[in-house]
Amino acid sequence: MEYENKLVLAPMVRVGTLPFRLLAADYGADITYSEEIIDHKIIKCERIVNDYIKSTDFVEKGTDNVVFRTCNEEKGRVVFQMGTSDAVRALKAAQLVCKDVAAVDINMGCPKSFSVSGGMGAALLTKPDLIHDILTTLRRNIDTPVTCKIRLLKSSQDTVELARRIEKTGVSALAVHGRQVADRPRDPAKWNEIADVVSALTIPVIANGDVFEYDDIQRIKVATGASSVMVARGALWNASIFSPNVEAHWEDVKKEYVRKSILWDNDVKSTKHTLKEMIMHYSCLEFTEGKAIIKSQNLADLAKVYGDEEYYESVRAYRIALDRHA
């Protein structure tokens, strides 16, 4: 995995599943992160090759719950992002998935309570010894590249000091979100503090924060000197942000996402969540489309919302035929 001059899809909870990662890649994303997946969840899974949709699934034992789904098409660019607070558990989880992904990333920036309360995500930022333990354990025991994603600390000096400690563990790259834990999405990202980290390190730094259109990619690169750029909300609202060509209309991008969700049998709750996030940026859930999505119980219902019944039925017929020949 190379980290120089790359466009990167950020990890986004309930969004960064296989269909959305493939959608972003179609529009030009070079590296695509999975949503954060907790180590406890993945180590309860077994690896299953899904011949019907040509995917590799990590399914919770004793259930039909797919915790992580990937495919050969994305093997060279998908990054498995893990939430963890324990080196031994992190290694066990990484060993389960590392042969099917391009890299393993440790989330050290998520400020949400489900992550922080378990000592994961942004809670790790105040525990440099634990960070060192987790990253060095992974580096010594798996051949897959290891990276991590952090947020800014209270001072630029503190962030740089932590970044230097992380670099010494041998990670392949470091992603830096230009906000502190207490900052809200509406607060401007501090590109100048990302630049301080870039200046202090020799490994590639991936800059993240306030990239909402294609031109912002070059702006943040110039402002920070970062090797690569990571996009979160800008990609969620319109995945064609990665394309240097004319930006696709968000309505077209949304419909392509629905088709990919059908093709890859994505979890309907995840698909609905992503669609609602797209719509709320441009419109309102109180209109007909939003209400129809909320009422949808399955992918067939969503296909009807977008006039894609024929596509849904063709995918379904193909799978039935496969089943008959199995």
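Me: Where does Asp 265 lie, in a helix or in a loop?

Reply: In this predicted model, Asp 265 is found in the loop between helix 10 and helix 11 (268–282); helices here are DSSP runs of H or I with at least four residues, strands are runs of E with at least two, and both are numbered from the N terminus. Residues are numbered from 1 along each chain as its sequence is written. Because the model is predicted, local features need pLDDT of at least 70 and side-chain atom pairs count only at pLDDT 80 or more, while totals for chains, interfaces and linings use all residues, and side-chain values use heavy atoms, with hydrogens and water left out.

Me: Why is Asp 265 called partly exposed?

Reply: Buried means under 20% relative accessible area and exposed means over 50%, with partly exposed in between (1.4 Å probe, protein chains only). Asp 265 has a relative accessibility of 41%, and therefore counts as partly exposed.

Me: Which residues is Asp 265 in contact with, leaving aside its neighbours within four places in sequence?

Reply: Contact means heavy atoms within 4.5 Å, and with those neighbours left aside Asp 265 is in contact with Ile 53, Arg 69, Leu 299 and Arg 319. Arg 69 is 196 residues from Asp 265 in sequence, yet their C-alpha atoms are 10.0 Å apart in space.

Me: Why does Trp 250 count as buried?

Reply: Trp 250, which lies in helix 10 (residues 250–263), has a relative accessibility of 11% and therefore counts as buried.

Me: Why is helix 1 described as largely enclosed by the rest of the structure?

Reply: Helix 1 (residues 18–26) has nine residues, of which eight are buried, so the helix is largely enclosed by the rest of the structure. Among the buried residues are Leu 18, Phe 20 and Arg 21, and helix 1 is followed by Gly 28, whose phi is positive, near 125 degrees.

Me: Why is the protein called as compact as a globular protein of its length?

Reply: The protein has 14 helices and 12 strands. Its radius of gyration is 20 Å, close to the 20 Å that the globule rule gives for 326 residues, so the protein is as compact as a globular protein of that length; the radius is taken over C-alpha atoms, and the rule is 2.2 Å times the number of residues to the power 0.38.

Me: How many of the 326 residues, as a percentage, count as buried?

Reply: Of the 326 residues, 56% count as buried.
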